[in-house]
Every structure is written in structure tokens, then in C-alpha cells.
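Let's take a friendly walk through a protein model, one feature at a time. Have the sequence and the 3D view ready as you read.

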Amino acid sequence: MRQFSHQLVQRISHFLDMDVSDLGMEVVDPPNPKLGDLSLGCFPIAKAMKSSPVEISQKLAQQDWQLEWIEKVVATGPYLNFTVKRELFSQYAIQEIKDQGTSWGDTQTGHGKRVIVEYSSPNIAKHLAVHHLRSTMLGQAMANLFRSAGYEVVSWNHLGDWGTGFGKLLAAWDKFSDIDNFDSPKLADREDPVSDLNALYVRYSNEAKDNPELDDSARDWFKKLEDGDSLARERWETIRSVSMELFEKVYSRLGVRFDKVIGESHYEDGMKDVIDLLVSNHLLEESEGAEVVSVAEDIPPMLIRKKDGATLYGTRDLASAIARHEMVEFDRCLYVVDAGQSLHFRQVFGVLKKLGFEWADHLEHAEFGVMRLNVDGHWKKGKTRGGQVVLLHEVLDGAVELAANIVLSKNPDIPEEDLKEISEAVGMGAVIFSDMKAARRKDVNFDLDKILSFDGETGPYLQYTHVRFASILRKAADQGLSENDGKGLVEDEELQLIKRLLRYPGIIDKAAKQAEPSQLSQYLLDLASEFNTYYSKHRVISDNAELSGHRLALIQALKTTLGSGLSKLCIKPLDRM
RNA sequence: GUCCCCGUAGCUCAGCUGGAUAGAGCAUCGGAUUCCUAAUCCGAAGGUCGCAGGUUCGAAUCCUGCCGGGGACGCCA
């Protein structure tokens, strides 16, 4: 749409003898197709010229526009409504999309800019659970969107791999070797090492209630770890690597990957420097035995050091932000973390600003709403009735199993291998899309029944629509039909689709700018829905080979666009299902 | 109590950097399949855009207050 809109703005600049290209004029659809095909409100110009938008639109409508793809220009109140010559408009649009090829949708908006997206960030020695899904998928989609918008992206997994909890785990490993010895069979060789670790941890915590000595032992082990004791270190590394191996299994199913995986432990050395810096800037204050930094009047001070002198995760976040900026000089750095931590991030960003780091303004908390689970008919945060977390891979397996049933029922003759691949993709598609459909700030109720309904505004709906494209193209190829230049796309629904297609790059830009994947989700739903309407009214493949060719070009453009959009959302576009 | 987020159809949401008659999906009811996959499509019904002020030529959209829901608020991460 940019090319067309650019031409219109250029003509207006010429007519009015003033540059209107920076006024933020936006080409939109008129509310009623009878008014025209494209519309431009003259309000921004009116403001700039201190004149009436109605007068301006009337004046402009009378000009000789001299654009070959414009049929007529009419002023309706303050709006300038354009009717396009469909043959040329369609032809240009199809050509544009075809020329761009696989990079269709990409823009240069972020050219020369670098952005870090931190997401997922699970704790090691634990499983990925459903509540990790939001950060993981939103973050990956954002990373994809930024890349598409021309940014250099560093996707970042900030592992929780440090803290006194690991002291307990190491102490448990040591103390309970008679019950479960992690050296035999070796942790790394086990089926589910993380569950074994959890079991031991729970046992240790329970016994520690009656036996305070265990707490001392945990402290000792954490001290050993901090001091670099070789045994502690080796075991901790093992825990880390078995955890990562498990994470990777889930990540690869979801299409998630990171440029950097760096644990909190990495920033330990920087902690002392941060505190020194706070001291030398006279920011650190004593309060109730602890040490704090006041940030702003309307938010409580940030706690830096506990009574006993130990630091907290906030301090670690200060250190990691500083270290991160030294590693990668970013223009934006997003933390894809739930909204419950918004105060924490305001404090972290505020303290960094107080320390004089100008780049603190480039830090953003890309917050998202909580995920609730259904517990006995009530929506609750985090855990199920038994206090258990719901494991992510179990949810994914459940989704895939259900998808397999449905695929099989719709398509009983499907080969075994295809069934496996397709149900995996459809199951993932359903789960992922349900998480990415609404604006990220909204809380979501994780309702597996709804996610797996596959009707209406769902991932499988989009995948099914893509299958229709593939199916049409397949059939056309069988009949030896070839694509045409799109000149014959003159139906109302075709124009509608062409206009929708042209908005794709702008949507990518907007989604990246706002760090809002749902912008893309909503766009794809519109696109698919408009196509399905078209599909029910018009036949692509017909006796008219020329017209079929034009329509095939449209189908190809639709397939390119929907496929591209789905991929950015980590949903697999399918050719069959 | 203070701060943050949210409040649009029965439910889930879009529209929110102000602009033409507020749109989808689900659920309900009715309809469409000799034809490219009906996981689809068409129609009906469903709205004090939480409430009250304000700004504006114009407010679902911006501002203030209130109400309702969620979250956070110092020694966990």
C-alpha cells in the first residue's frame, strides 16, 4: 500500500505546493464501498494549512491526478475518496508481491538498529510449564517481527540458574545419595532427570522443616558453588545441561531459538561493581537494617541488600542490564515478562537512570497478562488443585493427540507419516495461536477445550485456509494452468483481498513497533476470513484459462502472505491437513 | 492505603497516536455440499462502548473523578 499511498501524497504535495509527506496521512478503506476504494481524510492537511478539511478535499478532488491506476476522485465531506482502475491496481499489486518473493512483508524500518528481546527465561532444574508459554511465544514472535522489520535482533534466554535454591539441591544430591545416587545411573543418562531432581528437592525441603541443620548444609553448598568448588561446580553444570537439553526439546517443537542463552550466574561478578557504583553515587540508603535506593516519589524504594548483606534478584537485574549493554549496544531492549513484575522493572530502569545510564530509556518491559488455569471451575493463577504446575510438554502432547483424532476423522485415508507431522503442526498451531490472538496485556484463561475446538478464530482455521491455497495451486498445476499477471482481478472480493494483502508490510511494522504479535494475528484472521468468503463465491479454476491464471496469481500471493505471517507466529503453514 | 493493568454483544475479543453507520469469533436459531478440502460460507438475533463530568467542529478512543475486576507494594525470584 505504501507505493500507492506515496504516489497520492506526492500528487497532493504538488497540488498544494507544500510537502504533506510528513503529516502522517493514512490511506484507509471507506466505511462503505459505494464511496470508493481508497480514502484519505484531509484533517492533517487542514491542520497544517489552518483551513477547512472540507474545502481542501473539494479543491483536491477537482485536480487532474494523472495517475493511471486512478479511475476517479470524489470529495465526500472532509474525505477524499478514490476509485481505482481495478485491472491496473491488481496488476501492480500482484507484481509487487511477486517481486519481493520470500522477503515480501519485510521493511527497512529498523535498518541499522539493534534490539534485544529477552524471553522464556525458565529456571533450571525445573520443567517448562504452561505459564512459560506466554513469554516464550510472545518473545519469539516479537523477535521474528523485529527481524522482518529490518532490525538486527539478539534473542536472549536469561536462565534462572543461581540462588540459594541450588544450595539445597546440591546438599540434597550429597545427602540422599543412598536413596537416589545421581552418579549411578548418571543424571544425564536418565529418562527424566529433572523430575528426579525435583523429587529429591521436595524431600529435602520437607526434612528441613524438622531438621534445621539441613538449611546450614544448603548454605554451605551454595557457598561452595559461589567459591568455585570443583565438585559443586561440576554438579551444577550437570544440572544445567540436563535442564537445557529438556528445554531444547520443547523449544524446537515450538519453533523457538535463542541467539544467547546466558544464566543469571554470569552476572555474579558484576554485582559488587553495581553496589560500588550505587555507593559512589550516594544513592544507597540504610532503611530498617537493609539497604535501598529511592527511585521516584510514587513508587517504593528498591531493595538492594538484605539485613544479612545478601543481594537480591533486583540487584542481579541491574548488573545484568549493565553487562548486557556492554555486550550488545542496543537501541531497544525488551523484557518479555508478566505484568506482575512491572514495579520491579520500573525500579530497575529507574535506578539505572539515576546512575546516569542514558540507555536506560531504551529498556522496555513488554508486559503480558497472567495465564489462569481452571481449578474446579474457577480460574486460578499458576497451579492446579494439587499445587502442581501443568507441564508444557504434556499440554502440547494432549493438543497433538486431539489434533490427530480430528485430522483422522476429516481425512481417514491420510498416510501414517503425514498424520504424525500434520497433527503435530495443528496441535502446536492451536496452542500457540490461542496465546497470541489477543493483545498481550490481557489475562488469558488457559482453556484446553476452547483451544482445541479448531473452529472460528483459531490457529487451525488459518492453517486450513493455507491448505486451501496449496490445494488449489496443486490442482491447477495438475491441469497445466499457469499464473497470469493479475489484470483480471476485478471482482469486489478480489479488490478487497488485494488491498488487504498490500497492508501486510505495514502490519509487520506496527506489530514490531508496538511489540504486539496480536496485530499480526488479527490481520491474518481478516485475510483468511475475506478469502474464505471469496472462495465460496468464486471459482479459481474454471474453463476460462486466462481468468484462472489471474486468480491463481492472487492465490499465490495469498499463500505467500499467510505462510509468511504464520511462520512469524511460529505456526507451521501446511499444504495438507 | 499507594501504584500499575483491564472494563466494548450472553462469553472471548478487535477497533483506542480522536474522524464517515462500533466489528469479528464462540454459543443460539435458520440456511448452503452433483463443483478447487463444509476445519468452510451465508443469514437472523444480540450494544446505556462500566458510570459521571470535561476537552474538541467531532470521543469507544484524550483528560479528571468514581465504580467494578486483576496484579504489585522491602528482606523470594
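## A pocket and its lining

Helix H18 supplies the largest share of the lining of the second largest pocket, namely seven residues. The model is a predicted one, in which local features need pLDDT of at least 70 and side-chain atom pairs count only at pLDDT 80 or more, while totals for chains, interfaces and linings use all residues. Residues are numbered from 1 along each chain as its sequence is written, chains are lettered from A and ligands numbered from 1 in the order in which they are written, and side-chain values use heavy atoms, with hydrogens and water left out.

The volume of this second largest pocket is about 890 Å³. Of the 30 residues that line the second largest pocket, Met1, Arg2, Pro505, Gly506 and Asp509 are the closest to its centre. At least two lining residues come from each of helix H1 (2-16), helix H4 (86-100) and helix H18 (504-514). Helices (H or I, at least four residues) and strands (E, at least two) are DSSP runs, numbered from the N terminus. A pocket is found on a 1 Å grid over the protein atoms alone, as an open set of points with protein on both sides within 12 Å along at least five of seven lines; a cavity is a set of points where a 1.4 Å probe fits but cannot get out, and lining residues have an atom within 4 Å of a point. Grid points are joined across faces, edges and corners, and a volume is the space filled by probe spheres set on the points.

By class, ten nonpolar, eleven polar and nine charged residues make up the lining of the second largest pocket. Here Ala, Val, Leu, Ile, Met, Phe, Trp, Tyr, Cys and Pro count as nonpolar, Asp, Glu, Lys and Arg as charged, and the others, Gly among them, as polar.

## Domains and overall build

Why does the second largest pocket lie between domain 1 and domain 3? Domain 1 (2-84) and domain 3 (459-568) both give residues to its lining, so the pocket sits between them. Chain A also has domain 2 (162-255), and the C-alpha centres of domain 1 and domain 2 are 67 Å apart. These bounds come from an automatic or database domain assignment.

Chain A contains 20 helices and 14 strands, and its C-alpha trace spans about 85 × 65 × 40 Å along its principal axes. Of the 577 residues in chain A, 51% are buried (under 20% relative accessible area, with exposed over 50% and partly exposed in between, for a 1.4 Å probe and protein chains only).

## A cavity inside

One cavity of 30 Å³ or more is found in the structure, and the largest cavity holds about 50 Å³ of space. Its lining is formed by Lys126, His127, Leu128, Leu246, Phe247, Val250, Leu392 and His393. Helix H9 and helix H13 (392-410) each give two or more residues to this lining, and H9 gives the most, with three.

Leu231 also belongs to helix H9 (residues 230-254). With 35% relative accessibility, Leu231 counts as partly exposed.

## A three-stranded sheet

Strands S7, S8 and S9 form an open sheet in the order S7-S8-S9, with antiparallel pairing. Strand S7 (285-287) and strand S9 (302-305) are at the edges with a single partner strand each, so one side of each has no neighbour in the sheet. Two strands pair if DSSP finds at least two bridges between them. S7 and strand S8 (residues 290-293) are joined by three bridges, and Glu285 stands opposite Val292 in S8.
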